[in-house]
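The points below are grouped by topic.

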Amino acid sequence: MKISKKFTVAGTDIEEVKKQNANSGLSYNEVKEVLARTSGIGTAKYSDTDPAQIRKDNEPK
């Protein structure tokens with residue numbers, strides 16, 4: 001019989017950690033994306049806002 005579980009030197013079950021991480025919620029980058037869409041400072045690269053459209057919308061009419 002072959003045991004297929006992988007453990008670290010400290011005895012941590014690697015597959016169990018991966019399983020728990022997958023169910024732990026948003027990743028760091030997912031949180032940054034949510035912040036960019038709702039406010040956030042320094043998160044422009046995650047934003048889907050078109051700056052040219054905003055300037056056009058803000059022009060005096």
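Glu16 counts as partly exposed, at 30% relative accessibility. This residue belongs to a predicted model, and Glu16 is found in helix H1.

*Glu16 and its surroundings*

- Glu16 forms a salt bridge with Lys19, and their closest N and O atoms are 3.6 Å apart.
- Both partners, Glu16 and Lys19, lie in helix H1, where three residues, or about one turn of the helix, separate them.
- Glu16 can also be placed relative to Lys6: the two are 10 residues apart along the chain, and their C-alpha atoms are separated by 9.4 Å.

- Glu33 and Arg37 are separated by about one helical turn, because they are four residues apart in helix H2.
- Glu33 counts as partly exposed because its relative accessibility is 31%, a value between the limits of 20% and 50%.
- Arg37 also counts as partly exposed, at 44% relative accessibility.

*Asp13, before helix H1*

- Asp13 is found in the segment before H1.
- Is Asp13 buried or exposed? Asp13 has 16% relative accessibility, so it counts as buried, the limit for that class being under 20%.
- A polar atom of the Asp13 side chain lies 3.2 Å from the backbone nitrogen of Glu15.
- Which residues does Asp13 touch, leaving out those up to four places away in sequence? They are Lys5, Lys6 and Phe7.

- Leu26, Val31, Val34 and Leu35 make a nonpolar surface patch of about 330 Å².
- One of these residues, Leu26, lies in the loop between helix H1 (14-22) and H2.
- Leu26 is exposed because its relative accessible area is 56%, and exposed means over 50%.

*The loop between helices H2 and H3*

- Ala44 sits in the loop that runs between helix H2 (28-38) and helix H3 (51-58).
- Ala44 has a relative accessible area of 65%, so it is exposed.
- Asp50 counts as partly exposed, with 45% relative accessibility.
- Asp50 and Lys6 are 44 residues apart in sequence, and 47 Å apart in space when taken from C-alpha to C-alpha.

Conventions: Residues are numbered from 1 along each chain as its sequence is written. This is a predicted model: local features need pLDDT of at least 70, side-chain atom pairs count only at pLDDT 80 or more; totals for chains, interfaces and linings use all residues. Side-chain values use heavy atoms; hydrogens and water are left out. Helices (H or I, at least four residues) and strands (E, at least two) are DSSP runs, numbered from the N terminus. Buried means under 20% relative accessible area, exposed over 50%, partly exposed in between (1.4 Å probe, protein chains only). Patches are made of residues with over 30% relative accessible area and no salt bridge: like charges are joined within 9 Å, nonpolar side chains (Val, Leu, Ile, Met, Phe, Trp, Tyr) within 5 Å. Accessible areas come from the Shrake-Rupley method with a 1.4 Å probe; for residues, only the protein chains shown count as cover. A salt bridge is a side-chain nitrogen of Lys or Arg within 4 Å of a carboxyl oxygen of Asp or Glu. A polar contact is a pair of N or O atoms within 3.5 Å; within protein, one must be able to donate a hydrogen and the other to accept it, and residues adjacent in sequence count only if both atoms are side-chain atoms. Contact means heavy atoms within 4.5 Å.
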